[in-house]
Amino acid sequence: GKMWRRDREPLLRAEEAESEGESFERKKAGRGSHQVAATFEEAVEETGFGTFHAVLLVICGWANASDAIEILCVSFLLPTARCDLHLSTADMGWLTASIFLGMMIGGYVWGVLADLKGRQRILVFSLAVNGVFGAVSSMVTEYWQFLLLRFISGIGVGGSIPVIFSYFSEFQPRNKRGRMVSALATFWMAGNIVAAGLAWVVIPRTSLTFQLGSIHFQSWRIFVMLCSIPSLSSALVYALGMPESPKYLMQAGREEDALRVFQRMFYWNNRGTTRSFAVERLLIPPAEKDSSKFIENGANWFWRHIVKGLDPIRKIFAHKLRFTSIILSIIFFSISFGYYGLWMWFPELLKRMETGGGSACSNSRNSSSAGDVENVTCYPVKTAVYKEGFIIAAANLPGNIFTILLMDLLGGKVLLCASLFLSGICAFFIWEVSTKTQSFVVSCVFSGISVIAWNSLDVIGLELYPTHLRSSALGVFTGVSRIASILGNIVFGQLIDMNCTVTILLVAAIFFIGSLACIKLPNTKHIELS
């Protein structure tokens, strides 16, 4: 009987409004008409909060985790795959950097497309690109093919990360948005743990090896295959079962479709009750005058989007925000360079500790000279490397819990400065310590502390910019951090065999620079979001 309830005369609505006390319904009853258009925020409030949002969190979270898995996948197969693909250390640096390069291009291109074509469609495509090319990369035998495929898979990752977040937040009621987005972000860590766990289970089992045509299908190839399953399954779920973002539909002027999505949300959130969804019309924002009315040639269109893409950079470096933006750029650079520099190399560093028994640097001279690839041993696979990688990934957990508890108490700025400073100290100690156990403990501490910096950076980034600049600011800083990750990985690859000390101390120094820059940030504790 949902249908006839909706068709009953507005009288029923007026009484219901009294009992429910819904502001929207009262507004409606007060006007005496049942055709009041609701804004986006009102319609979302009206759909309630419940089952739909829980399911959405799991699905978007799984997609988010699948991106983390795809990135980390490469860092875990390096210690073993380098023999099969004949990689020098510098090659490994380029390989990890290629993912971030792909992400940088992907984030830009897919972001523009998601605003034009809709979020859900773009998510399906970018997750599929990520999964398909990731899976195909498990079959190749040449370094350059692997590099190319990982780069394309990176384009997919770069597209889905920002789009998942905007898609997800466009279903959330205003008062729940912050907490739900934080919950979504923690799935990244879950992805890290899944990737590390998979590596630990699969890669050391060399008995899994089989012959596939001319390819000797080693255990690490199976691991690469498995890593692409999350992305592919996410793409499938989005393609088959997920609605388009209602906010996007409203901006595109598709009122009917948006209403249908809201009704679906309402239905899932209020399944046990007899209430019906009260919104029948939506207030569609006037569409911006778009020049796509007349067809223009491809070059012009492309050029306009390049200019449009540089627009956010101009806005956030405008007079009032310039200082803040420069400081934040330095911080984003330092944490990305340091964190992804070390993080992607942990499995390799752990392997060196296993081989030499000392710290990551103690035996770098004798184990492999710069150009020498043949000398490196990969088999038998050292299981300990993967076990330790798993524990280091799991060490993010306390950091996350810590952030959630202390964020409102201390404010983002204090947490950020402190964690950057402590990360620098940890990086220094990774070089300083002399035994394997000590190195391992320091790495775990680093993992726990650096994640606090990331989390507080997310919060601060949102608080320092007004709404209309928020996504552009995020876009620019994501670009900065991608460039830093690329540089970090290439620098690591080039230097780690020549001079390990310089490399690790460089990372420590860059963290310290970041923490000094942080002191200059305005304090954002408990400010109203503009």
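Modeller: Cysteine 227 has a relative accessibility of 0% and therefore counts as buried; buried means under 20% relative accessible area, exposed over 50%, and partly exposed in between, with a 1.4 Å probe and protein chains only. This is a predicted model, in which local features need pLDDT of at least 70 and side-chain atom pairs count only at pLDDT 80 or more, while totals for chains, interfaces and linings use all residues. Residues are numbered from 1 along each chain as its sequence is written, and side-chain values use heavy atoms, with hydrogens and water left out.

Biologist: Which cysteine sulfur is nearest to that of cysteine 227?

Modeller: A disulfide is a pair of cysteine sulfur atoms within 2.5 Å. Cysteine 60 is buried, at a relative accessible area of 0%. Cysteine 227 is in no disulfide, and at 3.6 Å the nearest cysteine sulfur is that of cysteine 73.

Biologist: How many residues apart in sequence are the parts that the pair of cysteine 417 and cysteine 518 ties together?

Modeller: The whole structure holds 1 disulfide, and it joins cysteine 417 to cysteine 518 with an S to S distance of 2.2 Å. The link is left-handed, with -85° about the S-S bond. Cysteine 417 lies in helix α18 (residues 412–432) and cysteine 518 in helix α21 (residues 500–519), so the parts tied together are apart in sequence by 101 residues. Helices are DSSP runs (H or I, at least four residues), as are strands (E, at least two), numbered from the N terminus.

Biologist: Is arginine 150 buried or exposed?

Modeller: Arginine 150 and glutamate 70 meet through their side chains in a salt bridge of 3.2 Å, N to O; the term means a side-chain nitrogen of Lys or Arg within 4 Å of a carboxyl oxygen of Asp or Glu. The pair links distant parts of the chain, 80 residues apart, with arginine 150 in helix α8 (residues 143–169) and glutamate 70 in helix α5 (residues 51–84). Glutamate 70 has a relative accessible area of 2% and is buried. Arginine 150 is at 1% relative accessibility, so its class is buried.

Biologist: Which residues are linked in a network of salt bridges?

Modeller: A search of the whole structure gives 4 salt bridges. In one of them, arginine 254 pairs with aspartate 257, with the closest N and O atoms 3.0 Å apart. Arginine 254 counts as partly exposed at 39% relative accessibility, and aspartate 257 counts as partly exposed at 25%. The network consists of Arg254, Asp257 and Arg260.

Biologist: Which helix supplies the largest share of the nonpolar patch?

Modeller: Leu101, Met104, Ile105, Tyr108, Val109, Ile483 and Leu487 make a nonpolar surface patch of about 540 Å². Patches are made of residues with over 30% relative accessible area and no salt bridge, like charges being joined within 9 Å and nonpolar side chains (Val, Leu, Ile, Met, Phe, Trp, Tyr) within 5 Å. At least two residues come from each of α6 (89–117) and α20 (467–495). The largest share, 5 residues, is that of α6.

Technical notes. Areas by Shrake-Rupley, 256 points an atom, 1.4 Å probe, with all protein chains shown as cover.
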